[in-house]
Amino acid sequence: MYKREYYLKLLREVYYQNSCIKFLYGLRRCGKTVLIRQIEEELLDNGINKEHILFFDFDSLEYENLSNAFDLINYIKNIVQDRDTYYVFLDEIQKIVHFEEVIKTLHFNKQFNLFVSTSSSKDFFSDRTNPFEKNMISLEIQPFSFLEVLDIKKTTKKNYKDLLFSIFEWGTMPARFLFSGEFEKKNYLLDTVDSTLLYEVVSSLKLSDVGALNKILQYMIETEGSSFSATAILEYLKMEGYSVATDTLYKYLNALCSSYLLHKVERYDIENKQTLKTLSKYYIADFGLRKVKANRTLDYSVCFENLIYNELVRKGYFVATGKIGKETISFVATKKDTTKYIECCLSLSKEDVFKIAEKFKTIDDASLKYIITMDESGLPLDDVRCISIFTFLMDADF
């Protein structure tokens, strides 16, 4: 069981803070349950009494009778035998009806230290009215990073590129590394996507026909990184024999994003410093989705851009695409008081680099500007840092 040290390091500071809810969210089967078990193991190693650690996996039939907030709260309270702290792990909490009441009730009782995970219900925790916002550390758990895969595979530097292109093809969902054959890997990935659609999308929308949903997902995967057009996707669906209303399309897209299969990236007007409502882009959570749900040949330039987006999110940035006049910037990445402008180029000539540098010059602020490319050497320019993808992926301080 590979130890997710990156996330554990972020969480260790708040292990013993009852006032802080530890909230982990992300794509189904990305490793949340394993991470929670690793936290539990560390608590036991640090002397916490096993009787004071309560673990609930709501994907398991074992807890099928605890399907609502009232029953779960009473069940937990009946377990408590003293006034010491109880460490409560609520895995896939979205399965509980009115789960918010469970969190609120246990949190306001200072005796409970909460660790919560979900593969859905993102909107509740991102809502500005979220009552737990000031008392919560929230982490999106992603599939393995390039650095983690590097550690697992023990890949040497000369084989970095081969590993990267393997990731573009198969993704980094943790369990896919247990399989060596192409048939087994495809079956695992397909089961992962289909189970996510079934449990987190179909059930929440109460769909009887999943055909249109699958076509929407396929279209979004095949056009990822392109500016979104509702008109274009509705025309595509019509050609495929599906009549879908515009509001239904957006409802499906929101559900796909809430299940973390897709990430919506909004466009930011750099000059006027405002988020725009149109021409957003969508990126996939893991490249394995494309392997089993898309029919088009891999576009490595899009994969490259998607990888950088996912890594920026992992590093804690809020990410948007950039607009400056009639030009575009791949990403505007913001963390606390730091903003970085990033252009993604799988390959580029010297002429391309200088064109990008000219585009950066139209941005009238002192924020750091980067070109990320496959080129190991880079090209030094005034005010623009040209770095390789491997430098970016392996730099914890980026």
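Glu343 has Ile371 in strand E11 as its bridge partner. The model is predicted: local features need pLDDT of at least 70, side-chain atom pairs count only at pLDDT 80 or more, and totals for chains, interfaces and linings use all residues. Residues are numbered from 1 along each chain as its sequence is written, and side-chain values use heavy atoms, with hydrogens and water left out.

**The sheet**

Strand E10 (residues 338-345) runs parallel to strand E11 (residues 368-373), and six bridges join them. Strands pair if DSSP finds at least two bridges between them. Strands (E, at least two residues) and helices (H or I, at least four) are DSSP runs, numbered from the N terminus.

Helix H14 (residues 350-361) packs on the sheet. H14 touches strand E9 (327-335), E10 and E11. Its direction makes about 150° with that of E10. Axes are lines fitted to C-alpha atoms, for helices over the stretch in contact; angles run from 0 to 180 degrees between N-to-C directions. Contact means heavy atoms within 4.5 Å.

The open sheet has seven strands with mixed pairing, in the order E7-E6-E8-E9-E10-E11-E12. Its edge strands, E7 (274-284) and E12 (385-388), each pair on one side only.

**Two residues**

Ser280 lies in strand E7, and Leu44 in helix H2 (residues 32-45). Buried means under 20% relative accessible area, exposed over 50%, partly exposed in between (1.4 Å probe, protein chains only).

| Residue | Relative accessible area | Class |
|---|---|---|
| Ser280 | 6% | buried |
| Leu44 | 35% | partly exposed |

Not counting residues up to four places away in sequence, Ser280 touches Ser226, Ser227, Phe228, Lys264, Val265 and Glu266. With that exclusion, Leu44 touches Lys50 and Ile53.
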